[in-house]
Amino acid sequence: MSIFHLKPLRQQTDEQLMARAATGSDTAFEELYRRYARRLKGFFFMQLGGDEELAADATHDVFLRAYEARGRYQEERRVDTWLFTIAYNICKNHYRSNAYEAQLLASLDAEPVSSQQIEVDLDAAILDEALAQVLNELPAPLHQIFSLHYQEELTIPQIAEIVGVPEGTVKSRLHKTMNIIRKKLKQYENK
Amino acid sequence: MKISNEQIIQSARRQREAVNNSMDVEPWSHSHRRGRGLAAVIGIAASLVSFIAGYGLHANMSQPDVQPLAQTVKVQHDTIMQKETIRDTIYQTRTVTRTVTKHVESLTAQREPQSTTSEIPQAATPAEQMACSMLCDNIPYDLLAQP
């Protein structure tokens with residue numbers, strides 16, 4: 001028996017909990033659900049057009065898939081990366097029919113990264129409202145990558161693993177997404 | 001006021017916090033989520049029940065305008081049996097069987113011969129009995145007397 005079995009569940013790391021769940025502990029899996037369900041539901045809510053029922057279904061789907069695959073979990077893998085990979089794939093399947101977005105990503109990746117930052121002169125009071133609007137209008141792949149990094153606070157290597165692209169591509173996409181956001185925010189300057 | 005990237009990131013995080021705090025999370029259950037799935041199952045079940053009920057009602061309604069596809073009439077002893085095959089839908093036919101027994105029974109009863117047991121002459125003495133048995137190849141008189 002390893003040492004983590006002696007610690008209370010709440011003090012164990014995600015990876016320790018997942019390792020316990022892999023050996024059949026449902027309480028360890030429930031603890032993981034308690035830690036991540038709200039966060040994933042929020043992620044889906046923002047990615048899937050603000051439909052709470054759809055977000056709840058998708059969240060349950062993530063955990064159902066993780067539960068079914070718990071026996072195959074590799075201990076060296078981070079649990080948050082693993083759960084967000086499942087979540088990212090669910091989002092991708094949701095938008096599968098949108099060939100426009102695949103084209104957009106290809107053309108975005110082909111563009112050189114601009115070092116020039118667009119200046120936005122905006123009242124801080126309306127920034128939250130304007131940004132929420134701008135994020136909703138972003139193409140799904142850009143919104144996902146922005147959300148994973150800046151809102152879910154995942155690292156560049158984690159996002160590279162989730163999305164399945166090199167770290168450099170993640171960095172350039174994040175930079176270009178930020179420029180698109182600034183460009184769109186500019187429209188709110190005089191409102 | 002000039003907006004920095006850091007302000008945009010902070011704003012995005014505030015949005016995330018607000019959304020996460022407004023989310024209700026159901027307790028974990030590894031069975032499939034009830035909700036839309038349950039509604040769909042109830043919908044399908046309701047459709048099935050209404051179809052079966054409608055079909056039953058349709059089958060039980062008298063349909064004088066519906067002509068049978070086939071009809072057979074059989075007479076067996078005291079029963080007249082009529083079989084009709086009726087098409088209810090394109091995919092479904094049913095057989096209606098009607099039997100009439102009572103009327104034929106009464107007719108049969110009228111045609112049955114009257115019992116003649118009482119008219120059989122009874123031998124008066126043992127000698128007569130013996131004589132009669134001898135005449136009839138030694139068949140016991142008791143048997144001959146039976147109708």
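**First stop: a helix in chain A**

Start by selecting residues 14-22 of chain A, which form helix α1; buried here are Leu17(A), Met18(A), Ala19(A), Arg20(A) and Ala21(A). Keep in mind that you're looking at a predicted model.

Now show what sits over those buried residues of α1(A): the cover includes α2 and α4 (79-94) of chain A. Then click on Gly24(A), which follows α1(A) and has a positive phi, near 110°.

**Second stop: where the chains touch**

Next, bring up both chains and pick out the contact between them. Chain A puts in 31 residues and chain B puts in 23 residues. On the chain A side, colour α2 (26-47), α3 (52-68), α6 (124-137), α7 (140-151) and α9 (167-185), the elements that each give two or more residues to the side touching chain B. Which of them gives the most? That's α2(A), with 9 residues. Switch to colouring by residue class, and this side of chain A shows 18 nonpolar, 3 polar and 10 charged residues.

Hop over to chain B and select Lys83(B), found in strand β2 (residues 79-87). Is Lys83(B) buried, partly exposed or exposed? It counts as partly exposed, because it has 15 C-beta neighbours inside 10 Å, while a buried residue would need 20 or more.

Finally, display the contacts Lys83(B) makes beyond four places in sequence: Gln71(B), Thr72(B), Thr95(B) and Thr97(B). Draw a C-alpha to C-alpha line from Lys83(B) to Thr72(B), and you'll get 5.1 Å, though the two are 11 residues apart in sequence.

How values were computed
Residues are numbered from 1 along each chain as its sequence is written. Chains are lettered from A and ligands numbered from 1 in the order in which they are written. This is a predicted model: local features need pLDDT of at least 70, side-chain atom pairs count only at pLDDT 80 or more; totals for chains, interfaces and linings use all residues. Two residues are in contact if their C-beta atoms, placed from the backbone, lie within 7 Å. Helices (H or I, at least four residues) and strands (E, at least two) are DSSP runs, numbered from the N terminus. Ala, Val, Leu, Ile, Met, Phe, Trp, Tyr, Cys and Pro count as nonpolar, Asp, Glu, Lys and Arg as charged, and the others, Gly among them, as polar. A residue is buried if 20 or more other C-beta atoms lie within 10 Å of its own, exposed if 12 or fewer, and partly exposed in between; C-beta atoms are placed from the backbone.
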